[in-house]
Amino acid sequence: MTSPLAFLYVRRRRLPLAGAFFTPGNLTGAALLHALAALCADVACWPARSQRRNSRSLARVLGILAILFDSLKEPFAPSPSSPFPPRFPPSAVLCLRELYIFVYRTKLLLEYCSQSSRLWLLMRSPQISGYFHDLSQELATLLEVLPVDDLRLAADVREQIELLRRQCRRSKLCLDPNEEDLRQKIHSFLGEFETMKAPDPVDLRNTFFDRLGIRDARACRMEIEFLEEQIFNQEEDLDPSIISGVIALTRYCRFSLFGFQEMEVARPFSDQGKISRKRLLSQTIPKDFCCPISLDLMEDPVVVSTGQTYDRSSITQWIEDGHRTCPNSGQTLSNNRLIPNRALRSLISQWCAAYGIPHETPDGADASAESIVAACTSKAATEANRATARILVQQLSVGSQESKAVAARELRLLAKTGKQNRSFIAEAGAIPLLFRLFRSTNLMAQQNAVTAILNISIHDGNKSLIMEEEGCLRLIVNVLRHGLTGEARENAAATLFSLSAVHDFKKTIVDEEGAVVGLANLLMQGSQRGKKDAVMALFNLSTHPDTWSRMLDLGAVSALLEALKDEGVAEEALGALALLMRQPVVAQAVGSEDAAIASLLEMMRRGTPKRKENAVAALQEMCQRGGLPVRQKVARTPMLGGLIQTIVFTGTKRARRKAALLARMCQGCDSPAAMACSSSRGSSFRSGDASVSMSRAVRVPVL
């Protein structure tokens, strides 16, 4: 098993030779020469996946330098702390320290070439060849100033150093003709896709299998994942549209050349909860992966203005509690801006994947990834993905059960990003075939099919296609209530949220037997992500006035009131309640419960400005629609007056307006709110706004 610390070390670098390098200060005398010799031996062990000619040349150079370092070690005493003997002039010592930096930079370049994907190295072949040439020129300069005469080297060693000096001085940029030919071949394949013509399968197999050494589906997946990371990081100088084209080409080759038999569908994390917790406890979490505030593994690392990194939930709570300093450094925060630390989040995800530990992508992370990938899409990538979709849909129709499960997963991933991908997957006829897998007893087939439908539904043009498919809504609700995995149930709820964005579908969904009950149950008993999906779906449904009474009868209102106890979904639950309160029967039912009124008042007292705004809006609607008994009960609440005054002076514009309306409604009641009424009477707030502020953005699925 890879050491967890390896994930801190093996980082994909923007430029392998960029940055400032220094020789460790504790390396002097014999210790420096021993370190140089050891470093040369270590660098020689790195395999070359690319740039073989340049790598072999560099290996010969390191071999000669190793001979030089070994010969210089001989006069030293056995102790590593021995100082340089008098025959070593200061210029020689300086050159040796610079040679340490040279060998270290050589190691970084070879590491980069050994850890990067084959296609990535191929597409960046000219730049990487330039890195090798830069190192050769750097060594030539070092050997020019090395005082060979003062080092009293043996004749054969001195002869090799002189020969190496001349070779470095004459070195030129070397581009491997075979790699250049391969690179042009990949570009020709992309050119064929741009003309809407699929490349010759024999030519593809010869290029990928024989020349590139990509010989199975697993190797294709590794190539795709590496290239996708480069697009997301946006740290390299290669045109992202070219990378997206190569990704699409590789995905097409994966199925057209290697089929479906070598693929495996991994067990979902939701079925590994107990095992994963044990694994998490048994592993030493790298310190850099833990939030300095909570000391727990970070889910969404963000950087504050002082440069320190914290988990988003922890630092957000710290700021909301009134703190204005950085918890780690004690410095004053110049602003409250939180910048996502994507590099660290990627390392945490890799570490969790290596140890089988669930790690959810934070909301919005995939949305940003989608926007980046969509901006980089080329015509070649679009046509290659279209051809891949046809292969996958055909497999859904005629393949084995195992192949269908794989095809569902790949359609899920293909539909994860890009409006065009979602469109032509639906055009290829995937929707009815995916719905068949909703009844599958294969838990991964069902989960991937549900998530694929969710991803497809994000494209507005596909929503009607899904709803028009006979029995589709019934199948989605069935998975919501009885799905084989937690993720399947959650994504069924998210699908209802996506579909309910269309106004005409809201009443249809509410009228479907079990839909509202399933969402209410998930809101009360699901995971944090499941609760989020359920509450957003219920909010969307509550925006249709014809659904309000049904949602009360089916338990949605009770579930939303219960959700106020959960910090993660309270704000959305309040927004839905504010809308539902417009129905008098709902307002009267909620207003008759002292606990419900107390919960709404508590939401007015604490939390984010948006949460307070939705809370006062819900109370105002309840008092307006619930009649005099409800209004009197609310008005007699002791803490109401102080809360109204606080919001009138410190709340958002809409919250102040709603608070003023609530205060006026309490004027005729013998209540502690009378003081607040008089203070708000002279205000200029108008009562025209009855909308509920809430994000309507569809959540992009994380898997």
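Helix axes are lines fitted to C-alpha atoms over the stretch in contact, and the angles between their N-to-C directions run from 0 to 180 degrees. The model described here is predicted. In this model, helix H30 (residues 584-591) packs against helix H32 (residues 609-626) at an angle of about 110°, and their axes are 8 Å apart. Because angles of 65 to 115 degrees count as roughly perpendicular, H30 is roughly perpendicular to H32.

**The contact between H30 and H32**
- Helix H30 contributes Pro 584, Ala 587, Gln 588, Val 590 and Gly 591, while helix H32 contributes Met 622, Arg 625 and Gly 626.
- Sorted by class, the residues of this contact are four nonpolar, three polar and one charged.

**Nonpolar cores**
- The largest nonpolar core comprises 184 residues, and those with the most contacts inside it are Leu 65, Ile 186, Phe 208, Leu 434 and Met 622.
- Helix H4 (residues 90-115) gives the most to this core, namely 11 residues.
- Another core, of 17 residues, lies apart from it; its members include Cys 291, Met 298, Val 302 and Tyr 310.
- Beyond its neighbours within four places in sequence, Phe 208 is in contact with Leu 119, Ile 186, Gly 213, Ile 214, Leu 249, Thr 250, Cys 253 and Leu 257.

**Asn 421, a buried residue**
- Asn 421 belongs to helix H18 (residues 419-427).
- Asn 421 counts as buried because its relative accessibility is 10%, and the cut-off for buried is under 20%.
- The side chain of Asn 421 reaches the backbone oxygen of Leu 414 at 3.0 Å.
- When residues up to four places away in sequence are not counted, Asn 421 touches Asn 385 and Leu 414.

Conventions. Residues numbered from 1 in each chain as written. Predicted model: local features only at pLDDT ≥ 70, side-chain atom pairs only at ≥ 80, totals over all residues. Heavy atoms only, no water. Core = buried A, V, L, I, M, F, W, Y, C linked by side-chain atoms within 4.5 Å. Buried < 20%, exposed > 50% of the residue type's maximum accessible area, 1.4 Å probe, protein only. Helix = DSSP H or I, 4+ residues; strand = E, 2+ residues; numbered from the N terminus. Contact = heavy atoms within 4.5 Å. Parallel < 35°, antiparallel > 145°, perpendicular 65-115°, else oblique. Nonpolar A, V, L, I, M, F, W, Y, C, P; charged D, E, K, R; others polar. Polar contact = N/O pair within 3.5 Å; in protein donor to acceptor, adjacent residues only side chain to side chain.
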